[in-house]
Amino acid sequence: MEPTMPTPTDPRVPSYTPIDPVQIEKHTTAAPHTGKVLAAVQAHAGDIPFFCAGLCAKLIDEGYTAYLIQTTNDEKCGPGTMGEAIAQNEREIEVLAREIGFKQVIHLGYRNHFLDEASPIELRARLVYLIRALKIDTITTFNPWGHWEENPDHTITGQAVEAARWMAGMGKDYPEQLACGMQPHSVKDLYYWAMRPEQPYNTVVDISDYLDQKIASMSANKAQGPAGGAGRRLKARLAAEGKRLPALDGDDEENDRQYIRLFGLQEYQHIGAPYDVSYAEPFYYIPPGGT
């Protein structure tokens, strides 16, 4: 009998839709993916930390070389002016990339919240170029068919990636790239995020062995993340009230990470519980040869 998702009592924990049979991916000490290339494509600095940091850390540990591709400049999300927000988000993305193990960060630089004003043909061509040039085998990003999405940057990014991964393997699309020595290259498999209520998943990835990397990446997202900087703020507030939480006796960064460990992982526990996994991330996985 397949497990069923419990009804969450906390409205902040979304209820996703399992597509049976749900597969469970666990950590392996082997390196089955040596030589493969992973691309994680996000629109904003907080996307990868919340939706796939554990998966990325696991795949990198198992042999992948990974690239982080960001479509927007995050100008609307962060402190200070738009220019200051861009700069702080870029610095923090470099931190989260190091914590997870990405080889390189690639910024495409489109305007935050206005990605739908950009040329879809240009965005698709740039992604096709990267897939071919880097020989990307696996992609993780937004589900291009996901419901209940309010942010146009998420929708446009997912749809552009879906089109690009399909076209990159064809021999007559973007012939100028082929004339420069590139070859058609097909993406082998896809991990689409489940990130809004009722979005489907058919795979849960056990991230229990990669909590430190996930927590570190979430903590790095201080410009706009709900958890980034929360530990130090809570410690200061308690001190002003003459109170103390022993778990927050470290330095500022340690306190931020401890706060996430204590209060920011309920969703991942909720996802893993029906599958006897302590912490998990859900994905709609499309295997090699899938459509």
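## The largest cavity

The largest cavity in this predicted model has a volume of about 50 Å³. Here a cavity is a set of points, on a 1 Å grid over the protein atoms alone, where a 1.4 Å probe fits but cannot get out, and lining residues have an atom within 4 Å of a point. Grid points are joined across faces, edges and corners, and the volume is the space filled by probe spheres set on the points.

Who lines the largest cavity? You can look for Tyr16, Phe50, Phe51, Trp193, Ala194, Glu267, Tyr268, Ile271, Glu281 and Pro282. Two or more of the lining residues come from each of helix H1 (47–51), helix H10 (266–272) and strand E8 (280–286), and H10 gives the largest share, 3 residues. Helices (H or I, at least four residues) and strands (E, at least two) are DSSP runs, numbered from the N terminus.

By class, this lining has 8 nonpolar, no polar and 2 charged residues. Ala, Val, Leu, Ile, Met, Phe, Trp, Tyr, Cys and Pro count as nonpolar, Asp, Glu, Lys and Arg as charged, and the others, Gly among them, as polar.

## The second largest cavity

The classes here are 9 nonpolar, no polar and no charged residues.

## About the model

Residues are numbered from 1 along each chain as its sequence is written. In this predicted model, local features need pLDDT of at least 70 and side-chain atom pairs count only at pLDDT 80 or more, while totals for chains, interfaces and linings use all residues, and side-chain values use heavy atoms, with hydrogens and water left out.

Note on methods. 1 Å grid on protein atoms, 1.4 Å probe; cavity = no way out; pocket = protein on both sides within 12 Å on 5 of 7 lines; lining within 4 Å.
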